[in-house]
Amino acid sequence: MKGFGFLGASGGFGRSVAMLATGTAVSQLVGLIALPLLTRLYNPLEFGGAAVFAGIVGLIVVIASLRYELAIPLPMRDGAAFHLVSIAFLSVISVSIAAGVAYFFASYFWEQNTGLSNEMFLFLLVIGTLTAGLYNVANYWAVRKKRFGVISWTRIQQGIAGTGAQIAFGFAGAGVMGIVVGQIIGQCAGFSRLIVGLIRDRKNSKVGVFQPRRAAWAAKRYRRFPLYDSAASLLNVASSQAPILLFAALFSPMLAGFYALAVRLVSAPNGLVGKAISQVLLPRIVEARRSAETAKLVERLINILGWLSFMPFTIVALTAPEIVPTAFGSQWAPAASVIAWTSIWAAWQFVTSPLSTAMTGLEALRLHTVVQLVLFVLRVGAILIGAAVQSEQVAIIAFTIASIVGYAVYLIAIGWVTEVSVKRIAMALVGPLALSVIGASVALGVAEISVIAKYSAIAALLLIWLWRLNHIRKEV
């Protein structure tokens with residue numbers, strides 16, 4: 001791909017992405033390898049209860065630092081960035097304590113159905129929010145310093161520690177608490193290494209002591225993040241966590257467990273590639289701002305992400321009915337349909353999510369909030385339609401359609417911010433979309449003949465896809 005040196009592997013964008021992706025890959029691989037064991041140690045109700053807890057913590061964590069962590073890579077001088085770190089740390093601690101106090105009083109009026117006692121829920125809520133929030137802040141300092149190798153290693157530590165703890169607690173019969181505590185242990189892993197780097201940088205940079213006046217300046221200069229991006233991020237997390245909470249409340253915790261398994265499976269590729277691209281893309285967007293180079297980069301990434309996502313997720317959807325009961329146990333067989341539909345919209349999320357950082361880097365935060373609101377309303381509305389007709393299947397299908405529409409709108413908004421036209425976005429996606437749609441149609445058509453015919457068609461499509469990926473690799 002001549003002319004796109006910023007995507008090259010040697011010392012540039014591609015190398016940084018690969019470094020982060022490697023750490024995430026190992027972490028995700030550990031989790032995926034352990035998943036068949038975890039689904040036999042924990043039942044769908046326990047997965048559902050833990051997912052509800054994680055959803056509540058996720059909603060709090062996303063605003064715990066008032067989104068000031070995203071501003072840490074932006075200042076020219078380390079002094080302002082250090083004050084942003086201090087503000088974010090203090091905010092995380094305050095919000096974690098406030099969440100515990102709020103739950104203490106709310107527990108008198110609300111009976112949570114997660115399988116945890118109120119006392120244990122409160123304790124884990126505070127610890128879970130605190131550990132996740134502090135890691136996020138320290139992580140963005142490492143992003144500022146471009147220590148992608150360190151970030152990669154912390155992710156490996158998180159994957160091994162978290163999964164190992166969940167397995168150990170599972171054998172001990174800890175139930176929901178085992179999944180939740182394992183998740184928190186994973187969040188803590190690697191944090192010390194990021195903190196040590198931050199402290200060392202502070203000593204070496206001669207920043208001096210914390211000054212309230214400079215902190216007030218930094219808070220005011222980057223006030224758009226708490227004012228606008230907090231709302232956008234809260235809506236983003238709400239739109240991803242609302243299904244679990246609503247499925248548990250409107251249908252059953254078991255459906256929430258099925259959906260939690262589906263998301264854990266399909267989010268692995270997004271966690272592998274998506275977060276790596278977004279964290280490496282952010283400093284580059286900040287440096288280039290709006291430019292022809294930024295537009296070319298975004299357009300090319302849309303095409304690459306499209307080829308990386310649509311066909312693999314289509315294959316997951318086609319093979320779920322046969323694979324799920326075998327891989328995860330017969331009690332998880334009903335999850336096959338949920339996984340299949342979830343895979344379809346996850347392909348669109350895979351393309352959109354990494355590029356959303358462009359809206360942060362270019363400080364298009366108002367538009368970002370509006371787009372997140374549209375996505376949230378579409379997804380919640382779809383589930384409510386399913387609840388209105390009392391059909392889990394309708395809720396899942398409507399949620400998939402709403403998610404695709406929402407992510408398409410999101411992608412168009414990203415294109416507008418980076419000056420990539422709707423036509424150019426469509427042209428970048430038409431190839432991978434066409435192959436996936438045609439491939440799915442053929443596979444489903446021959447499935448009426450036999451399972452062997454279905455998998456023969458899938459194998460042929462997989463070969464075509466791999467050929468195309470190899471062609472793209474040679475262009476880069």
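## What you are looking at

This is a predicted model, in which local features need pLDDT of at least 70 and side-chain atom pairs count only at pLDDT 80 or more, while totals for chains, interfaces and linings use all residues. Residues are numbered from 1 along each chain as its sequence is written, and side-chain values use heavy atoms, with hydrogens and water left out.

## The overall fold

The protein chain holds 17 helices and 0 strands. Both are DSSP runs numbered from the N terminus, with helices (H or I) needing at least four residues and strands (E) at least two. Of the 476 residues in the chain, 54% are buried. Here buried means under 20% relative accessible area, exposed means over 50%, and partly exposed is in between, using a 1.4 Å probe and protein chains only.

Accessible areas come from the Shrake-Rupley method with a 1.4 Å probe; for residues, only the protein chains shown count as cover.

## Nonpolar cores

The largest nonpolar core contains 83 residues. Such a core is a set of buried Ala, Val, Leu, Ile, Met, Phe, Trp, Tyr and Cys residues joined through side-chain atoms within 4.5 Å. Within the largest core, the residues with the most contacts are Phe 53, Leu 125, Val 180, Phe 247, Ile 302, Leu 355 and Leu 429. Apart from that core lies another, of 34 residues, with Tyr 140, Ala 142, Val 143 and Ala 219 among them.

Side chains of opposite charge can pair when their charged atoms come close. The whole structure has 6 salt bridges, each defined as a side-chain nitrogen of Lys or Arg within 4 Å of a carboxyl oxygen of Asp or Glu. One of them joins the side chains of Asp 78 and Arg 144, with N to O at 3.0 Å. Because Asp 78 lies in helix α3 and Arg 144 in helix α4, this pair ties together parts that are 66 residues apart in sequence. Both Asp 78 and Arg 144 are buried.

Asp 78 also forms a salt bridge with Lys 145, where the closest N and O atoms are 2.8 Å apart. Lys 145 sits in the loop between α4 and α5 (148–171), so its pairing with Asp 78 in α3 ties together parts 67 residues apart in sequence. Lys 145 is partly exposed, at 30% relative accessible area. Another salt bridge pairs Arg 147 with Asp 201, the closest N and O atoms being 2.6 Å apart. Arg 147 is partly exposed at 27%, whereas Asp 201 is buried at 11%.

## Two buried polar side chains

Thr 129, in helix α4, has 0% relative accessibility and so counts as buried. A polar atom of the Thr 129 side chain lies 2.8 Å from the backbone oxygen of Leu 125. This is a polar contact, a pair of N or O atoms within 3.5 Å; within protein, one must be able to donate a hydrogen and the other to accept it, and residues adjacent in sequence count only if both atoms are side-chain atoms. Not counting residues up to four places away in sequence, Thr 129 touches Val 57, Ile 60, Val 61, Ala 64, Val 92 and Ser 96.

Ser 436, in helix α16, is buried too, with a relative accessible area of 5%. Its side chain reaches the backbone oxygen of Phe 310 at 3.4 Å, and a polar atom of that Ser 436 side chain is 3.0 Å from the backbone oxygen of Pro 432. Leaving aside neighbours within four places in sequence, Ser 436 is in contact with Phe 310, Met 311 and Thr 314.

Ile 93, Ile 97, Val 101, Phe 104, Phe 105, Tyr 108 and Phe 109 make a nonpolar surface patch of about 810 Å². Patches are made of residues with over 30% relative accessible area and no salt bridge, joining like charges within 9 Å and nonpolar side chains (Val, Leu, Ile, Met, Phe, Trp, Tyr) within 5 Å. Ile 97 belongs to helix α3 (residues 78–106) and, at 51% relative accessibility, counts as exposed.

## Positive phi in two loops

Most residues other than glycine have a negative phi. Arg 67, in the loop between α2 (44–64) and α3, has a positive phi near 65°. Arg 67 counts as buried, at 14% relative accessibility. Glu 419, in the loop between α15 (392–418) and α16 (422–446), has a positive phi of about 65° although it is not a glycine.

Terms used:
Contact = heavy atoms within 4.5 Å.
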